[in-house]
Amino acid sequence: MASSKARSGRRPASSTGGKPAGGAASRSARTAAAVSATPTSRPVTKPTVKAPDPEPVEDEIVEEKETRRAGQPLWLQIVSFALAIIGLAISAYETYAHFNGNHLAGCSTKGGATFNCTAVITSPQSMVFGVIPVAILGLAFYVVAVPLFSPWAWRAKRREVHLVRLVSVIVGMGFVMYLIYAELYQIGDICEYCTGVHIVTFLLFCITVFSAAIWGLGGGRDSASDA
């Protein structure tokens, strides 16, 4: 009887003590297996998007365009303007002498001399088609040339202004070549004042062609502070 009590006393202990331990171990194993079976979460890296550059301010755009513009230097504008005024003065004086029959100052009146302005301005070649005096054409050319070669015209933003200047000096230079031929081979005398006008026209021709070749005929070529 004592042994049966001892067995009955030991049985609950073994049954109650072993079962919770085994259940806890199995639950821990299942939990570990579930955790290991769960895919590991990885951080998602978003692609880097480059922020757009800020748009330039309107003032900055205008300033950049003005910086890129390389206009004719100031000395070129002033020299060409002064030459045009000189050409206008000489042409006006020759026109006055032509219509008044006055002797041009500093010119020789001796026949057969190399320089004889009176013989030139009174020759048949001094009249175009026998109607229009050459002096009038020279005066008209320089009346137009003075504003075309002014610094304001050089800075004009209209392409037509620069184109008219170029065409005018090309036509003027062609007429000068004819007059030189007439003096040397038809009249046989040279006029100092006419030669002065020819030189001025040639210089303006060179300046205009040089400017067109370097800076083009585009409008808005403001001259910077260069001399």
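Residues are numbered from 1 along each chain as its sequence is written, and side-chain values use heavy atoms, with hydrogens and water left out. Because the model is predicted, local features need pLDDT of at least 70 and side-chain atom pairs count only at pLDDT 80 or more, while totals for chains, interfaces and linings use all residues.

The chain has 8 helices and 2 strands. These are DSSP runs numbered from the N terminus (helices: H or I, at least four residues; strands: E, at least two). Along the sequence the pattern is α-α-α-α-β-β-α-α-α-α. The chain has 227 residues, and buried ones make up 29% of them. Buried means under 20% relative accessible area, exposed over 50%, and partly exposed in between (1.4 Å probe, protein chains only). Contacts are defined by heavy atoms within 4.5 Å. Among contacts between residues at least 6 apart in sequence, 75% join residues at least 24 apart.

Helix α8 covers residues 192-215. It has 24 residues and reaches 34 Å from its first C-alpha to its last. That is close to the 34 Å expected at 1.5 Å a residue; the expected span is 1.5 Å times one less than the number of residues. Buried positions in α8 include Cys194, Val197, His198, Leu204, Ile207 and Trp215. The buried residues of α8 pack against α3, α4 (117-121), α5 (134-148), α6 (151-154) and α7. Gly216 follows α8 and has a positive phi, near 75°.

Glu94 is found in helix α3 (residues 74-100). It is a buried residue, with a relative accessible area of 8%. Leaving aside neighbours within four places in sequence, Glu94 is in contact with Ala135, Cys191, Tyr193, Cys194 and Val197.

The structure holds 0 disulfides. Cys194 is in no disulfide, and the nearest cysteine sulfur, that of Cys191, is 3.3 Å away. A disulfide is a pair of cysteine sulfur atoms within 2.5 Å. Cys194 counts as buried because its relative accessibility is 13%. Cys206, at 33% relative accessibility, counts as partly exposed.

Rolling a probe the size of a water molecule over the atoms shows where empty space is left. The search used a 1 Å grid over the protein atoms alone. A cavity is a set of points where a 1.4 Å probe fits but cannot get out. A pocket is an open set with protein on both sides within 12 Å along at least five of seven lines. Lining residues have an atom within 4 Å of a point. Grid points are joined across faces, edges and corners, and a volume is the space filled by probe spheres set on the points.

The largest pocket has a volume of about 460 Å³. Of the 28 residues that line this pocket, the closest to its centre are Val134, Ala135, Gly138, Phe175 and Leu179. At least two lining residues come from each of α3, α4, α5, α7 and α8. Helix α7 gives the most, with 9 residues. By class, the pocket lining has 16 nonpolar, 10 polar and 2 charged residues. Ala, Val, Leu, Ile, Met, Phe, Trp, Tyr, Cys and Pro count as nonpolar, Asp, Glu, Lys and Arg as charged, and the others, Gly among them, as polar.

The whole structure has 1 cavity of 30 Å³ or more. About 40 Å³ of space lies in the largest cavity. Its lining includes Gln72, Trp154, His162, Arg165 and Gly216. Helix α8 gives the most to this lining, with 3 residues. The cavity lining divides into 3 nonpolar, 5 polar and 1 charged.
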